[in-house]
Amino acid sequence: MAVKAITPDYKGEVLDKVENFGGNQVVYVGWDHHLMFCAPFAFPLPPEMPFEALRTQVMPETFSLHPEFAEIDWDQVSWKLDGEDFVPQADVALKDQGIGHKSVLRFNTPDLKGYQGAGV
Amino acid sequence: MSKVYIALQDNDESRYIVEAIEEDNPEVTVIHMPAMIRIENEGRLTVNRETVEEKMGRDWDVQELHVNLITLGGNVEEDDDSLSLHWNE
Amino acid sequence: MAAKKLNIKDKYRLLTRDLDWEYSYADRKEAFPYEDFEGIKITDWSKWEDPFRLTMDTYWKYQAEKEKKLYAIFDAFAQNNAHMNVSDPRYVNAIKIFLTGVSPLEYQAYQGFAHTGRQFGGVGARVACQMQSLDELRHVQTQIHAMSHFNKFFDGFQEYSHMHDRVWYLSVPKSFFNDARTAGPFEFMIAIGFSFEYVLTNLLFVPFMSGAAHNGDMATVTFGFSAQSDEARHMTLGLEVIKFLLEQHEDNVEIVQKWIDKWFWRGSRLLTIVAMMMDYMLPNKVMSWKEAWEVYFEEAGGALFKDLARYGIRMPKYSEIIEKEKEHISHQAWWTFYTHGHAAGFHTWIPTDEELDWLSEKYPETFDKYYRPRWELAKEMEAKGERFYTKGLPQLCTTCQIPMLFTEMDDPTQTSYRDTTYNGERYHFCSDGCKDIFEDEPEKFVQSWLPVHQIFQGNCGGPDVGDILSDFYHMNVGTDNMDMKGSPDELRWKQWKGVA
């Protein structure tokens, strides 16, 4: 049973369906082992946005405060999309490479260990 | 056996109640913290009306305990003469 | 001749059980329509035992006495300008969280117990719930009275009720109680009456209140302990409910265990904010969160569950994770608020060097390794005139609604990510505990009002964060929020103390 309710066949309203976001979809981005930012960020993005725009325009707005962000060698970065290994295609739209509504993108920079090497 | 506990506001009335508890339950541990007194004991702890009345020098209703009580842990048994806390295991 | 005094047991019988009546012309099932749908089986309500046997007349008598004592202290506090006696003006920010985050929960508890009491077929349980409902109303009223004095002298108290309904971090306590209140009456009792009251409120109302006393806040410790004197009765009610349900029918055991698993997890998540208040917001220290957790959760809760084992009840699921998290959550939470200090309705700050050392001493396994470096970074940025405020908005857990700030306990620098798919939609969680709760009742939690998503949907005004804070949340931007350093609160304090 999907809920214990006094009303038979009770259905809840899905508050976060993509239609409610005015043409955007929500994408979460987190930097593994870097907790200067307490949590992954949530971004409302057009599904047609190319990945390159996410990486070079959207992500720096929040992540660039980190002292190591400028040092990232993006060719060495490994990515995960919704828990699976992922190789992003720079010029392809988010939606056309499987980055959908409420997808989680994680990036890992094994050479950068965070502030004081402490995962910060 | 686990510890039962009771915590009382640190005030004039509680001091007599604590004295009574210590007299009737010689094994208890009394811990003073800011504004409160915590009393704990293995397995069981009893507050007896008669002993509290003796300490206070006046009649005392077991349910008056509610006025100064902060918290407790354990199964509660209450009647006209006492309140006790215990764990079964 | 003096009237014969009834003993407690007879009085309880006459003034509680004898107030019930049989239904001659109405269907009992229609009178108590919520009693069956949760699957709980009650065979005999008369087996209900109220250990305190408090009757309404005695209730009024002792509650009146408590109120007289309490208001005498409030008067003395106000007349003597005792807000000047708090240890440090930073302390008052914990009380702002209390008023916006906790006091409205007392009001929700009042509503919840009134509703639940009405739905129980047994008169003993009904009377006990009625008393608890009145207690909770008393708590919200006394808390508002106590804090109205602070409102005259400090910022951030003025819109507590409005804020509770809207502000991002306050959706955490609000949704917790909404979840309990929209459950059936028996789940509500296990959620609030048992899990919350028996174990978890102790952590807020006992060690934190003792801390308030230690920081010179006589008003708060007094309302706290006065409220807690009612809680002792609530705790016995919670314990009575669970024993009663388990003794009524063996089929109840599995249902009750599931609720215990859910509500201890939800409660431990909710208490993250209390952990932070204890470790970071009490300038004079009483005990660390970890120490309080060990006394009131592990020791007291452990004894309780050992006692319940004979019914087939075990410790709440994920207790082993909860045990590890006591080393981490207060630090993770204060860092979250510090870095979102522009969007909080209270002030935040970097702990002093002495406070950092105290944290190292209290958390030898974790603080220097994982958390002190964050404060070193914050100090470095502040020294450069770039006080760190994070940009953007965080991902939230669908169940507890807390930003995804929790980490893997076997890898504490890695965010803990969990997710599931329901009807083609992805949902995200901070933990297995929160994920399990969603998966058990997805039709409930697809309705989570997640503040970040609501902002993106345009339901909170904006789009600028500043406009959302002022117009939707009713914060006084630049006054209520930002760092303690340089705040109007700090400035006034220095003027009062003649150190400006």
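Tutor: A term comes first: a cavity is a set of grid points where a 1.4 Å probe fits but cannot get out. Keep in mind that this is a predicted model.

Student: Okay. How many cavities of 30 Å³ or more are there?
Tutor: The count is seven.

Student: And how much space lies in the largest cavity?
Tutor: About 450 Å³.

Student: Which residues are the closest to its centre?
Tutor: The lining has 34 residues, and the closest to the centre are Gly101(C), Pro173(C), Leu270(C), Leu271(C) and Ile273(C).

Student: Which elements give two or more residues to that lining?
Tutor: In chain C they are H4, H7, H8, H10, H11 and H14.

Student: What's the lining like by class?
Tutor: It has 24 nonpolar, five polar and five charged residues.

Student: Switching topic. At what angle do the axes of H4(C) and H11(C) cross?
Tutor: They cross at roughly 160° and come within 10 Å. Angles over 145 degrees count as roughly antiparallel, so H4(C) is roughly antiparallel to H11(C).

Student: Left-handed or right-handed crossing?
Tutor: Left-handed.

Student: Which residues make the contact?
Tutor: H4(C) gives Ala94(C), Ile97(C) and Phe98(C), while H11(C) gives Ile273(C), Met276(C) and Met277(C). By class, this contact has six nonpolar, no polar and no charged residues.

Definitions and conventions:
Residues numbered from 1 in each chain as written. Chains lettered and ligands numbered in written order. Predicted model: local features only at pLDDT ≥ 70, side-chain atom pairs only at ≥ 80, totals over all residues. Heavy atoms only, no water. Axes fitted to C-alpha atoms, helices over the stretch in contact; angles between N-to-C directions. Helix = DSSP H or I, 4+ residues; strand = E, 2+ residues; numbered from the N terminus. Parallel < 35°, antiparallel > 145°, perpendicular 65-115°, else oblique. Left-handed = near helix turned anticlockwise from the far one by under 90°. Contact = heavy atoms within 4.5 Å. Nonpolar A, V, L, I, M, F, W, Y, C, P; charged D, E, K, R; others polar. 1 Å grid on protein atoms, 1.4 Å probe; cavity = no way out; pocket = protein on both sides within 12 Å on 5 of 7 lines; lining within 4 Å. Points joined across faces, edges and corners; volume = space filled by probe spheres on them.
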